[in-house]
Amino acid sequence: MARRIADFWISPTLLVALVGLLFAVAGPALAATRIEVIVNDQPITNYAIDQRAKLIRLTGGKGNIRERAIDELIDESLQMQEAKRNNVTVPDSRVDSAFAEIAKRVKLSPANFSKALSQNGVNPSTLKERLRAQIAWSQVVGARFRSSNTITEQDLIAQLREKGSGGSKDTAEYLLERVIVVVPEKASRGEVSSAEATARQLRSRFTSCEEGLAMTKQVQGVVVKQVGRRLSNEVPDQVRPQIEETSVGHLTPPVRGEGGLVMFAVCDKKTVKSTEAAIEEVQSEIIGEEGELFSRQYLRNLRKNAVIERR
């Protein structure tokens with residue numbers, strides 16, 4: 001199924017298989033670490049391969065699991081190297097949000113999801129690094145694909161009209177304020193816990209923007225920044241689901257972001273007609289259909305030009 005290039009990919013099989021993690025039996029201890037593959041001077045160890053193989057097996061993978069694990073790790077090494085060349089970085093907060101989204105879909109908290117993975121011999125960082133590579137690669141491919149695309153806005157509007165949408169679509173528009181509970185860059189565990197407690201208290205007391213924002217601005221260590229009106233497609237992917245689910249006059253759940261724990265006050269929510277949103281939807285369809293082909297060719301070229309040594 002086609003998805004936007006900028007989104008990380010979650011296999012339905014992965015979601016179903018991970019539900020049974022708590023009932024599986026952990027595997028044997030790992031052997032001593034050694035380098036098994038080198039991709040353009042970047043090593044891949046037997047530990048990384050064993051970890052990825054376990055993750056693939058947990059998600060219902062069949063066939064030669066170890067070879068599949070090696071292929072995935074080679075591809076991801078090339079993808080991350082290309083991301084670095086293109087100055088693409090993925091913050092830990094984005095990876096944590098993707099990890100939390102998977103945990104939510106299997107009805108576990110991130111902490112319990114991590115515990116379930118560990119109980120089955122899979123370090124949670126194994127899945128997180130897979131997600132990091134997927135997000136980074138999506139950004140690289142998306143930027144390269146768009147830069148080589150010649151479709152104009154007029155072409156997109158014409159295509160919308162052919163679909164009978166009249167060049168616009170219904171989309172949500174939000175009036176937002178960003179609320180940040182400041183957390184120092186090198187915060188202690190106690191400081192983080194204190195910030196989390198402050199965020200919980202603010203959410204519980206916040207019942208309207210008029211009174212809630214005034215109250216919030218008086219709390220020490222909390223910063224309020226105006227965002228203004230934003231269409232749904234203008235809201236960052238990692239917080240859009242929380243904003244969609246939050247009632248007017250309330251705060252979204254906190255996520256770790258720049259400066260600390262970030263929440264959004266949803267002060268208004270309405271449906272509007274948007275040409276921009278309609279154009280983005282059609283553009284996303286094009287990227288989903290043609291971008292996947294572009295991505296595969298891009299990766300094949302990287303493999304062709306790479307120096308890959310198996311030991």
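## Disulfide C209–C267

The torsion about the S-S bond joining C209 and C267 is about -95°, so the disulfide is left-handed. This pair links distant parts of the chain, with C209 in helix α9 (residues 209-216) and C267 in strand β7 (residues 260-274), 58 residues apart. Helices (H or I, at least four residues) and strands (E, at least two) are DSSP runs that are numbered from the N terminus.

The sulfur atoms of C209 and C267 lie 2.1 Å apart, where a disulfide is taken as a pair of cysteine sulfur atoms within 2.5 Å; by this rule the count comes to one disulfide. Both cysteines, C209 and C267, are buried, a term that means under 20% relative accessible area, with exposed over 50% and partly exposed in between (1.4 Å probe, protein chains only).

## Basis of the model

The model is predicted, and local features need pLDDT of at least 70, side-chain atom pairs count only at pLDDT 80 or more, and totals for chains, interfaces and linings use all residues. Residues are numbered from 1 along each chain as its sequence is written, while side-chain values use heavy atoms, with hydrogens and water left out.

## Strand β1 and its partners

Strand β1 (residues 35-39) is mostly covered, since four of its five residues are buried. It pairs with strand β2 (residues 42-45) in the antiparallel sense over four bridges, two strands being counted as paired if DSSP finds at least two bridges between them. V39 has Q42 in β2 as its bridge partner, and in the hairpin of β1 and β2, which has two residues between the strands, N40 takes a positive phi near 50°.

Strand β1 also runs antiparallel to strand β8 (residues 308-310), to which three bridges join it; here the bridge partner of V37 is R310 in β8.
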